Amino acid sequence: MGSLVKGVMIHESLLIHDYATPSFHSSAHSLLRKLRHSNLHIGISFSPSLPHYKVSVLKKMAMEYSFDCFLLDDESSVDGVNEITLSWGGIGGKILFLVPSDKKVAFGQLNNLGWIIVVFDVEGAGACESSGVVCISKLEELPMRICASIRKAIGDGVVTVGYIMKPSREEDFAKRGAFPMNPSPNGLMFLPLTFELPLQSQLQLVDIVLHKATDEIISVDLSGSSESSNRITFSAGMQELQRYMEHHSDCFAIDPLDKIYPVLDRLKIQQILLGLDALNKERCRAIRGPHFLKVNGFNDPDLAQSLSEAKLSLPSIVKPQVACGVADAHSMAITFRVEDFKDLNVPLPAIVQEYVDHSSTIFKIYVLGEQVFYAVKKSLPNADVLTKSSERNELRPLLFDSLKSLPTSTGHSTGADSIKTNVNSFDLELVTDAANWLARKLDLTIFGFDVVIQEGTGDHVIVDVNYLPSFKEVPDDIAVPAFWNAIRHKFESRKRR
C-alpha cells in the first residue's frame with residue numbers, strides 16, 4: 001500500500017478573481033465547503049508578491065472554512081515546504097497540490113518531495129497527456145482526483161461511497177464528520193457527486209451510492225392507480241444516475257430508488273403499518289399505525305359516516321398523501337368539526353389520521369442498519385388542551401407546515417411528570433422489533449420513524465416514516481460509526497449476493 005493523500009493545497013489564483021476588488025470564483029465556495037469536513041489538511045498557497053488586499057481576502061476566507069494559508073514561492077517552493085511540514089506536522093501521507101497550468105513547471109520539482117501535482121487547465125486532460133501530469137478543467141473535479149489518488153494507494157481495501165443530496169443536507173451530515181475523504185476506520189471514503197459533471201466519469205470511481213432522492217423530485221402524482229415508479233418524476237440528473245446503476249451492477253445504491261417509493265406515499269405507509277398486528281401477540285403493549293382514511297375531496301356528503309367507519313373521531317389531523325419531495329407535502333391541518341373539512345386548504349388526495357393524545361412527547365426512532373437509536377422531543381398538546389385553546393378561534397381548522405412550526409396551546413405547558421411518565425412507558429424492545437420488521441418489509445438500510453405513546457392504552461403509534469433522516473439528536477460519536485457500519489455491511493452483503 002502506498003502513501004495516502006493526507007493534505008490538499010490549492011494555488012490562490014484558482015480560487016480568487018484577478019480583479020481590483022478581489023472575490024472568489026463561484027465554484028470555489030462549493031469546493032471549499034466540500035473539503036472543509038473531508039478530514040484532510042487543507043491549505044491555500046500564495047506568492048510573496050501577491051498584493052496585500054488579496055492576501056487579506058484569502059486569509060478571511062481561510063478562516064471562514066478553517067483552512068491554512070501558506071507562502072509558497074514558485075521560485076523557491078522547496079523552502080516553503082518546510083513551513084507546511086512544521087504546521088501540519090507528521091501528516092503521514094502525501095500532499096496533493098492543485099496549480100494553474102502556467103505554474104506546473106515551477107512547482108513540478110515538488111514531485112521529488114512526494115507531492116502529487118494536479119494541473120488546472122481549461123483544455124482538460126488532453127493538455128497534459130504528453131507530460132504524464134494529471135489535469136482537471138473544473139474545480140468540481142478535484143474531489144474525484146483526491147479520491148482516485150487515495151484509492152490507487154489503498155487498492156481494494158477502501159470502499160468509495162458516492163453521495164448526492166441538496167447542499168444544506170450535505171453540510172449537515174459533513175460537519176458531523178459523516179463524509180470523510182480520508183478513509184473512515186472501517187474503510188469508507190466519501191465522494192460528493194455532482195450533476196455539473198458527467199456522471200459516468202464520477203461513478204467509475206464509486207462502489208456504492210448514498211442518495212436523498214427526495215431532494216431531486218420534480219413532481220409526484222398519486223391521483224391515479226398506476227405504480228408509484230410511474231407517478232414520480234425525478235430530475236434529469238437523478239434519472240441518469242438510476243439508468244447507470246441499472247446497467248452497471250457493480251455500482252449500486254445503499255437503498256435503491258424503488259425501495260423509497262412507499263415512504264413518499266402516506267397511504268401506502270399506512271397500509272404497510274397495518275401488518276404490525278403480527279408483532280402484538282402475547283404483549284402487554286401494542287405497536288400500530290394510526291387509524292386513517294384516504295379522501296379525494298373534502299365535500300363528500302358521506303364524510304362523517306366514512307370517518308366513523310374508519311374509527312376516526314375529532315379532532316383529526318389531515319395530511320397530503322404525498323409525504324415529501326414537493327413544496328406542499330408538509331401543509332397540514334387539524335380539524336375539530338366535520339363541517340370544517342369543506343374547502344379545507346390541504347392538498348388532495350389527503351389522509352385523515354387519528355389524533356393520538358400523547359402528552360406532547362414524541363420519540364424519534366433512527367434505524368442505521370442493524371442498530372436502532374431514539375431521541376425524545378416535545379410535540380403537539382393533547383386534544384382537549386388544543387381544543388380549548390382553539391375555541392378562541394371559533395374552532396376553525398389549524399393550518400400549519402410541519403417542517404416549520406407545530407400548533408401549540410397558549411398558556412399551557414406539559415408538566416415534567418407527564419413527560420417522564422411517557423418516557424418511562426417507552427418500550428424499546430417493542431419499538432426495536434417494529435424497526436426490524438419495517439427494515440425487512442421496506443427493504444431499507446437507513447430510515448427513521450416517529451412514535452407517540454397513547455395515553456390510557458399505552459399503544460405505541462407510528463405516525464410517520466422517512467428515508468435517510470439526519471439522526472442529529474443522536475450523539476455524533478455514536479451515530480456516525482453506526483452510519484458507517486450500516487453502509488459497509490450493506491456493501492459486503494450485496495457483494496456476497
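Lys-311 counts as exposed, because its relative accessibility is 62%, where exposed means over 50% relative accessible area, buried under 20% and partly exposed in between, with a 1.4 Å probe and protein chains only. Before I go on, this is a predicted model, in which local features need pLDDT of at least 70 and side-chain atom pairs count only at pLDDT 80 or more, while totals for chains, interfaces and linings use all residues. Residues are numbered from 1 along each chain as its sequence is written, and side-chain values use heavy atoms, leaving out hydrogens and water.

Back to the loops. Lys-311 sits in the loop between H10 and E15; helices (H or I, at least four residues) and strands (E, at least two) are DSSP runs, numbered from the N terminus. Phi of Lys-311 is near 65°, a positive value in a residue other than glycine. The loop between helix H10 (303-309) and strand E15 (316-320) also holds Pro-315, which a cis peptide bond joins to Leu-314, with omega about 5°.

Next, the loop between E16 and E17, where we find Asp-343. Its phi is near 60°, positive in a residue other than glycine, and Asp-343 is exposed, with a relative accessible area of 60%. Pro-349 lies in the loop between strand E16 (331-335) and E17, and a cis peptide bond joins Leu-348 and Pro-349, with omega about -5°. As background, most residues other than glycine have a negative phi, and most peptide bonds are trans.

Is Ser-360, at 4% relative accessibility, buried or exposed? Ser-360 counts as buried. Ser-360 is in the loop between strand E17 (350-354) and strand E18 (361-368). Its C-alpha atom is 6.6 Å from that of Asn-382, 22 residues apart along the chain.

Now the interior. Of the 497 residues, 54% count as buried. The largest nonpolar core has 123 residues, and Leu-210 and Phe-483 are among those with the most contacts inside it. A nonpolar core here is a set of buried Ala, Val, Leu, Ile, Met, Phe, Trp, Tyr and Cys residues joined through side-chain atoms within 4.5 Å. Not counting residues up to four places away in sequence, Leu-210 touches residues including Phe-179, Ile-254 and Phe-483, contact meaning heavy atoms within 4.5 Å.

Last, the overall count: the protein has 14 helices and 22 strands. Its C-alpha atoms fill a box of roughly 85 × 50 × 45 Å, taken along the principal axes.
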